[in-house]
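Please take a moment to view the chain as a whole before turning to its parts. The paragraphs below proceed from the overall fold to individual helices and side chains.

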Amino acid sequence: MISKTTIDKVYETARLEEVIGDFVQLKKSGSNFKGLSPFSDERSPSFMVSPVKQIWKDFSSGKGGNVVAFLMEHEHFTYPEAIKYLAKKYNIEVEETEQSNEQKEQADERESMYLVSGYAQKYFSEVLWERELGKAIGLSYFKERGFTDDTIKKFELGYCLDQWDSFSKTALNKGYQLEYLEKTGLSIVKSDAKDPTNSRTFDRFKGRVMFPIHSMSGRVLGFGGRILSNDKKAAKYLNSPESDIYHKSKVLYGIYYAKQAIAKEDNCYLVEGYTDVIQLYQRGIHNVVASSGTALTPDQIRLINRLTKNITVLFDGDAAGLRASLRGIDLILEQGMNVKICTFPQGEDPDSFAKNNSLEAVKEYLAENSKDFIQFKASLLVKEAANDPIKRADTVRDIMNSISKIPDKIQKEVYIQECAKIMNISEAVLFNTLAQLGKKETSESAKNVQAQQEAFQVVKNEPAQQKVDVQYELERKIIEVLLLYGGMRQEFEDLVLKENESGDLVLEPESLDARVYEKIFLDLQDDEIELANEQFRNIYYKLIEELNKDENFSVNKFLADLDQQLVSEISSILMEEEKYVLHDWERKDIFPKEKEKGIAQLVSETILTLRCFLIKKRISSLQTNTQDSFDSHNEVLEEIMNYIQLNMLLNKKLNRVIS
């Protein structure tokens with residue numbers, strides 16, 4: 001268990017915008033920050049972060065919460081893991097008690113796989129640095145590649161002994177379960193053909209140097225292993241198999257180390273291999289990631305898209321199948337990103353070039369040789385086409401196909417003009433080609449559009465959808481007011497129901513000096529009003545208790561002690577208004593009244609409106625009872641009349657006319 005002192009310190013120290021900024025590129029938007037949703041595929045930013053309230057809201061997926069909730073949603077951390085991650089980030093010492101064996105067993109499957117992967121990384125690193133064979137074979141290899149001790153330690157590189165089951169045996173002796181060793185792919189279990197009840201366990205990565213593959217937050221998801229022997233039957237590189245925690249199409253090697261530099265430089269260098277990333281990073285180019293030998297995927301591109309709109313793809317000077325690699329460019333363009341391409345001199349790759357040149361020389365080369373994708377693709381394909389008219393026509397279509405992927409119309413037109421110059425062909429022909437490609441896409445999506453129209457027609461012919469849930473909205477407003485202004489002291493004009501000399505019910509005003517939460521609590525208690533929504537009810541009582549206990553109430557501190565489901569609900573309430581904020585009112589000669597000056601009125605009107613709604617609901621219920629029962633007919637009618645009179649008085653106070 002992590003101590004309460006540590007948790008409080010983490011919440012007090014952690015800055016939401018800094019933590020989320022490690023995963024999402026945020027831009028200032030008034031007093032808040034905006035960015036692309038890390039939970040859905042979108043092109044217009046709807047992900048909002050409030051530094052003042054220390055909460056976030058993703059309007060595309062509906063998710064929201066505080067800093068811990070973000071890490072739990074994005075990185076699938078448990079609550080303790082999120083606290084530990086933040087403590088590490090802000091150099092806070094974690095006070096905790098040792099987990100018992102029983103607690104370890106209770107960890108869920110994914111968590112068990114993370115634990116096994118984390119242990120494996122430490123084991124492989126220990127072998128590399130402390131075992132004689134590890135130093136002689138693994139460490140020597142990395143040194144030959146030109147990696148320094150600091151670099152090897154930073155990227156947590158390691159070595160798996162060239163023995164059948166050295167790692168597996170050690171892990172099992174440490175108490176790690178074979179089930180999770182097998183599910184992460186670290187161990188291979190094979191049954192004996194002659195005796196199915198008997199099985200043998202092998203190390204998947206035996207005799208390989210190890211490259212741990214980290215998530216954006218630094219958790220070990222899987223491994224890449226490079227063989228050092230001359231065994232031609234074995235693959236040069238071997239990756240962990242797909243698992244619940246490792247999906248190679250959704251991971252980029254080095255993203256954990258590169259994320260801050262990518263956001264800062266507003267550009268990401270994309271390479272192919274592990275050593276390319278490490279060598280460039282060691283040289284001083286930190287905004288670099290690798291697709292780990294797999295074909296680039298939309299999920300990998302979206303990972304970069306959260307941090308920058310700009311990608312520079314680095315190709316080897318003699319890269320085989322360069323044209324095939326260009327297919328990934330179209331995927332990048334489809335995401336609305338800007339792409340540049342840089343190739344290295346013949347015989348060089350990012351690894352060797354970074355190793356053999358100074359930082360200044362590498363930076364200069366990248367700056368001077370990074371071409372816009374249209375220039376690069378055209379020059380490459382034109383060489384292939386030479387004087388062959390048919391190949392030349394195919395080249396134009398290939399380039400136009402890439403341009404058709406770009407969502408921005410202006411950018412499309414600029415690229416068409418560029419292509420026309422390079423290929424010496426009229427813009428009219430290119431626009432016509434683009435239109436033909438557009439027609440093909442339109443025909444392919446026509447069925448989907450028709451289906452949507454038919455679905456809309458069905459909805460249109462159905463009865464009108466349910467109206468707004470008034471009680472829900474009013475209860476939600478009460479929670480919002482308590483969160484934002486609960487501790488403020490205000491002068492309220494309280495309304496007290498009294499009988500006048502004629503025996504009629506009247507509302508008489510009385511002045512009340514109280515804190516906002518006291519006013520709300522007293523009004524709801526006097527009218528015996530219980531919030532109908534269970535979540536709001538839970539939040540309400542916790543808020544009243546906290547506001548009554550602590551005069552220096554803090555939303556951030558309050559959220560720290562809540563269940564994450566309630567945290568998400570609260571963030572939705574607090575951030576909803578931010579979505580529609582108009583900034584710089586004064587510049588438009590609009591001078592709205594400050595919210596704080598109208599709090600007393602807002603509280604009174606919200607409570608009065610809720611009372612009116614509940615009275616109408618009660619009247620409706622009584623009218624139904626009158627129709628069903630004649631025994632207490634007169635009594636019920638009298639009660640209805642009293643409620644109608646009260647409803648009229650309340651609406652009069654609200655300046656509303658009721659029919």
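Helices, of at least four residues, and strands, of at least two, are runs assigned by DSSP and numbered from the N terminus. On this basis the chain contains 28 helices and 18 strands. The model is a predicted one.

Two further values describe the chain as a whole. It has 659 residues, of which 44% are buried. Among the contacts in the chain with a separation of 6 or more, 66% are between residues 24 or more positions apart.

The packing of helices may be considered next. How far apart are the axes of α22 and α24, and at what angle do these helices pack? Helix α22 covers residues 470-485 and helix α24 covers residues 534-549; their axes are 10 Å apart, and the angle is about 25 degrees. Because angles under 35 degrees count as roughly parallel, α22 is described as roughly parallel to α24. The crossing of these two helices, α22 and α24, is left-handed. On the side of α22, the residues that meet the partner helix are Y472, E475, R476, I479, L482 and L483. On the side of α24, they are F536, I539, Y540, L543, I544 and L547.

Attention may now turn to the aromatic side chains. A pair of aromatic rings is described by the distance of the centres and the angle of the planes. The structure holds 36 aromatic pairs. One of them joins F155 and Y257, whose ring centres are 4.4 Å apart and whose planes are 45 degrees apart, a tilted arrangement. This pair links distant parts of the chain, for the partners are 102 residues apart: F155 lies in the loop between α8 (149-154) and β6 (158-160), and Y257 lies in helix α11 (residues 255-265). Both F155 and Y257 are buried. Another pair, Y253 and Y274, is edge-to-face, with 4.7 Å from centre to centre and 70 degrees between the planes. This pair also links distant parts of the chain: Y253 is in the loop between β11 (237-239) and α11, Y274 is in helix α12 (residues 274-283), and 21 residues separate them. Are Y253 and Y274 buried or exposed? Both Y253 and Y274 are buried.

Aromatic rings also occur in a group and beside charged side chains. F23, F39, F47, W56, F70, F77 and Y85 form one aromatic cluster. The ring of F23 has the charged end of K259 over it, 4.6 Å from the ring centre.

The loops show some particular backbone angles. E156, in the loop between α8 and β6, has a phi near 55 degrees, which is a positive value in a residue other than glycine. E156 is partly exposed, with a relative accessible area of 27%. D266, in the loop between α11 and β12 (268-271), likewise has a positive phi, near 55 degrees. D266 is partly exposed, with a relative accessible area of 33%. A positive phi, near 75 degrees, is also found in G336, which follows α15. Helix α15 itself, residues 327-334, has G328, I329, D330, I332 and L333 as its buried residues.

The last stop is R283 in helix α12. R283 is partly exposed, with a relative accessible area of 30%. Its C-alpha lies 7.3 Å from that of S358, although R283 and S358 are 75 residues apart in sequence. Leaving aside residues up to four places away in sequence, R283 touches A354, K355, N357, S358, L359 and V362.

Note on methods. Residues numbered from 1 in each chain as written. Predicted model: local features only at pLDDT ≥ 70, side-chain atom pairs only at ≥ 80, totals over all residues. Heavy atoms only, no water. Phe/Tyr/Trp six-rings, centres within 6.5 Å; stacked < 30°, edge-to-face > 60°. Buried < 20%, exposed > 50% of the residue type's maximum accessible area, 1.4 Å probe, protein only. Lys NZ or Arg CZ within 6 Å of the ring centre and 35° of its normal. Axes fitted to C-alpha atoms, helices over the stretch in contact; angles between N-to-C directions. Parallel < 35°, antiparallel > 145°, perpendicular 65-115°, else oblique. Left-handed = near helix turned anticlockwise from the far one by under 90°. Contact = heavy atoms within 4.5 Å.
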